[in-house]
Amino acid sequence: MTDFILTAGTIITMDQDHPRATAVAVSDGSIVAVGTLQECQAALPGATVTDSKAAALLPGFIESHGHPLMSGMATEAPGVSIAPWEAPTWEDALAIFAAHKAAAAPGQALIFSGFDALLHQHDFPNAVMLDPIFGDTLAVVADNSGHGVYFPTSVIRHLGWDVNPPVDPIGGYFGRNADGSLDGTAFENTATMAVFEPLAAIAGGNPLHQAMLYYARMARAGITTAAELTYQTSLKPAYEALQSMPGVPLRISLYHVTTAEDCAAPFESTVSSDLLMKQGLKLWADGSPWIGNIAISFPYLDTPATRIAHIDPTKAGEVALNYHRDELDAILDANIPSGLQMSFHVNGDIGLDVVLDAYERALTRHKLLGTDHRWRVEHVAAGRADQFERAKRLGVYVSMSPFQFYYWGDLLDGQMFDAEFGSQWQSFRAAFDSGVEPSFHNDGAVSPPTPLINIQAAVTRRTRSGALHGENQAISLHEGLMAETINAARILHREALVGSITVGKKADFVELSKDPFEVDPRNLAAEALVLGTWLGGARIDLDTYLGGSETVDHEAHAHLKTHVKHTC
Ligand SMILES: [Zn+2]
């Protein structure tokens, strides 16, 4: 790889020792100098000088928690998203259904994802509602939460369930009419997969190509490193193939689900660890705020908004916990010797107390307190200042979900919860003040990859509608950028490699059309456009990258079609 010097209107390095520069010198994919053009030329004499033409060059954004492969399979063609950011109202979703039904080939199954009863303000669809739209066409609509699927009578007939309705499988259930026949709804994994798998098998599409499209979507949002928080060994060939594609735009860090027996096994791969590594383990403490199964100490309100989403307040306390404490302790004890980083999904404040209790016990018992373990907690929707301060004392890092606030914030504050709690959802200010160095994520496909919208929402405390909620939890633009760059690198243990424009790190950059400090923060994402990204000193060309899909043996990965498991 040739040496070169890249210039931009300004370079925001996210390196506190040298916050701004105008040139960066790159040799063999790594940064060798940062400063003025003259300083870079002195460091790398004779190197070609390239003007990026970007108003601002920053370290590439880092998605510290996501599910890239599954996101691609759920939302990229032939998968269709009706999520509220694509179809804001139920009427918009109906229009998407109709367009795809009209274009469907005979016998083809249509797979939709992203229904959200709260944001669509519509009851769960069922066969009575879906039959007039789909007729004989096979179709399934997956809930954005991953906990439900909805389907017309055509599917019930296709599966033979009109004649022989299935009994409820262990761990799931079907919605039924008074006579026991299916009503076109199924909930929880075993029941949803019984509907989803046979349709996915005939829906067409290549999982690896869909994942590549999602990689490209992330790259267009400025992301250069991402994490997979539901890794399991069956996904290894796919991730190795993805990371070996010429021009791959992302580095990937894997977190193995602890429900897999081999979760603590070492990860060996022919792919460079710079591009693909196993970093940690994933556990779940509670569920999703949007279906009402999070472990919170305060109640959901009984309002039209929560009623339409079938939220049952009695499921939202301590009963929402997925593990008893002794089970949690046993999982931690069994997996700590692997040396892998722990990562815990937890939304509710009760859930966070339990996770921090379990972490403290395990860290003490295994003599890890005071070491650089960086165990993490994910989402922390209702996390409080005292909990973040405790996390800091324990050396625990926090990955936050600004999209929860951005998309659902208007409902959270006053319709789902009392303002005392709802307005404080995603307490960014409290997290930063505690010193836990929070990172942000979009948790694809729970929300689309949009680091700049995450930052905009956290800086302004304004939701998608523009409404202001919990202004006391606003952070600075610099803090928001940290959450998407250096803090995210740190939570992935990748800060020696990426996260700032610093000598010795990889030349991973994002080009923006404006200096983010020179636009109205309320319009940050609309005005500071992503012009392109760089990975390891190469500017990403997404057309060439996606063209490489033709060389992939898609048959080798076709079995993944029936593998989609919407856990996030
Ligand atoms: Zn997730």
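**Close-up views of a predicted model**

**View 1. Helix H11 crosses helix H12 in a right-handed sense.** In this predicted model, local features need pLDDT of at least 70 and side-chain atom pairs count only at pLDDT 80 or more, while totals for chains, interfaces and linings use all residues. Residues are numbered from 1 along each chain as its sequence is written, and side-chain values use heavy atoms, with hydrogens and water left out. Helices (H or I, at least four residues) and strands (E, at least two) are DSSP runs, numbered from the N terminus, and a crossing is right-handed if the near helix is turned clockwise from the far one by less than a right angle. H11 (residues 325–335) and H12 (residues 349–365) pack at about 40 degrees with axes 10 Å apart, where axes are lines fitted to C-alpha atoms, for helices over the stretch in contact, and angles run from 0 to 180 degrees between N-to-C directions. The two helices are therefore oblique to each other, a word for angles that are not under 35 degrees (roughly parallel), over 145 (roughly antiparallel) or 65 to 115 (roughly perpendicular). Contact (heavy atoms within 4.5 Å) involves residues including Leu-328 and Leu-332 of H11 and Val-354 and Tyr-359 of H12.

**View 2. An open sheet of 8 strands has parallel pairing.** Two strands pair if DSSP finds at least two bridges between them, and the order here is S6-S13-S14-S15-S16-S17-S18-S19. Strand S6 (61–63) and strand S19 (439–440) stand at the edges with a single partner strand each, so one side of each has no neighbour in the sheet. Strand S13 (residues 223–231) and strand S14 (residues 251–257) pair over 5 bridges, and Ala-226 stands opposite Ile-252 in S14. H12 lies across strand S16 (341–346) and strand S17 (376–379), and runs at about 160 degrees to S16.

**View 3. A second open sheet, of 6 strands, has mixed pairing.** Its order is S7-S8-S9-S10-S12-S11. Strand S8 (residues 109–115) runs parallel to strand S9 (residues 138–143), and 6 bridges join them; the bridge partner of Ala-109 is Leu-138 in S9. H3 packs on this sheet, touching S7, S8 and S9, and its direction makes about 165 degrees with that of S8.

**View 4. Trp-85 and Tyr-407 form an aromatic pair.** Rings of Phe, Tyr and Trp (its six-membered ring) pair if their centres lie within 6.5 Å, and planes under 30 degrees apart count as stacked, over 60 as edge-to-face and the rest as tilted. The count comes to 26 aromatic pairs. In this one, the centres are 4.6 Å apart and the planes are at 45 degrees, so the pair is tilted.
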